[in-house]
Amino acid sequence: MVDHSFPAPLCGVDEAGRGPLAGPVVAAAVILPATGVPAGINDSKKLTEKTRARLCAEIRACAVVGVGVVHPEEIDRLNIYWATMKAMTLAVDAATQTLGCHPAHVLVDGNKLPKWDYSATAIVGGDAKSLAIGAASIVAKHVRDEMMIAAAETWPAYGWHSNKGYGSAVHLAALREHGPTPLHRRSFAPVAQCYLDL
């Protein structure tokens with residue numbers, strides 16, 4: 001893990017939800033404690049839903065955590081890249097407010113950094129190389145998954161409880177049959193096509 005190479009307090013940042021057709025993009029910023037870090041932190045995609053839920057609770061109990069959410073209408077206005085950058089900025093700002101000062105350094109998963117004043121480094125595949133980024137990936141994915149599961153109660157036809165807004169066969173079939181919901185990203189091609197068909 002690369003975390004020891006950077007000054008403390010170190011903040012890890014990751015996002016969830018760049019690719020789905022529906023729902024928000026969610027970013028998390030996590031500043032882990034010097035000791036007592038939960039065991040098993042890894043890239044969220046390599047963990048089961050049950051393990052992510054447990055680790056998210058453990059991370060929130062011991063770490064400084066900030067979450068940033070950008071909703072579909074703003075994704076459509078900004079585009080998904082800038083919406084993701086905004087979600088990351090909101091997450092670090094929230095963590096900074098809780099911490100009471102700027103983190104000494106921020107590690108961001110990927111190859112791009114938001115336009116901000118934080119000292120930061122982008123790390124490709126960072127969720128598997130940094131404990132702080134890995135923790136952020138777990139929180140971001142769990143928070144977003146919970147939002148989509150809740151939304152599935154209102155719009156059950158789209159299968160969001162299982163596909164979380166991604167373009168699965170069930171989701172695409174429901175889009176064709178029922179049309180888009182307010183949670184759909186109108187700028188994404190399969191959703192935009194539905195509006196043209198309507």
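**Close-up A. The end of helix 6 and the faces of that helix.** Just after helix 6, Gly179 takes a positive phi of about 80°; helices here are DSSP runs of H or I of at least four residues and strands are runs of E of at least two, both numbered from the N terminus. The model is a predicted one, in which local features need pLDDT of at least 70 and side-chain atom pairs count only at pLDDT 80 or more, whereas totals for chains, interfaces and linings use all residues. Residues are numbered from 1 along each chain as its sequence is written, and side-chain values use heavy atoms, with hydrogens and water left out. Within helix 6 (residues 169-178), His171, Ala174 and Leu175 are buried. Viewed down the helix axis, the buried residues of helix 6 fall within an arc of 105°, so they line one face of the helix, the arc being that of the directions from the helix axis to the C-beta atoms. Ala169, Arg176 and Glu177, on the other side of helix 6, are exposed; buried means under 20% relative accessible area, exposed over 50% and partly exposed in between, with a 1.4 Å probe and protein chains only.

Close-up B. A search of the whole structure finds 4 aromatic pairs, where rings of Phe, Tyr and Trp (its six-membered ring) pair if their centres lie within 6.5 Å, and planes under 30 degrees apart count as stacked, over 60 as edge-to-face and the rest as tilted. Tyr158 and Trp160 form a stacked pair, at 5.3 Å centre to centre and with 25° between the planes. Tyr158 counts as buried at 5% relative accessibility, and Trp160 is buried with a relative accessible area of 0%. Ring pairs link Trp155, Tyr158 and Trp160 into a cluster.

**Close-up C. Cys56 and Cys62.** With a disulfide taken as a pair of cysteine sulfur atoms within 2.5 Å, the count comes to 0 disulfides. The cysteine sulfur closest to that of Cys56 is in Cys62, 11 Å away and too far for a bond. Cys56 is buried, with a relative accessible area of 3%, whereas Cys62 is partly exposed at 28%.

**Close-up D. The nonpolar cores.** A nonpolar core is a set of buried Ala, Val, Leu, Ile, Met, Phe, Trp, Tyr and Cys residues joined through side-chain atoms within 4.5 Å. The largest has 26 residues, of which Cys11, Val13, Val25, Ala29, Ile75, Val92 and Val106 touch the most other members. Elements that each supply at least two residues of this core include strand 1 (10-16), strand 2 (25-31) and helix 7 (189-197), while helix 3 gives the most, with 8 residues. A second, separate core of 18 residues includes Val30, Val65, Ala135 and Val139.
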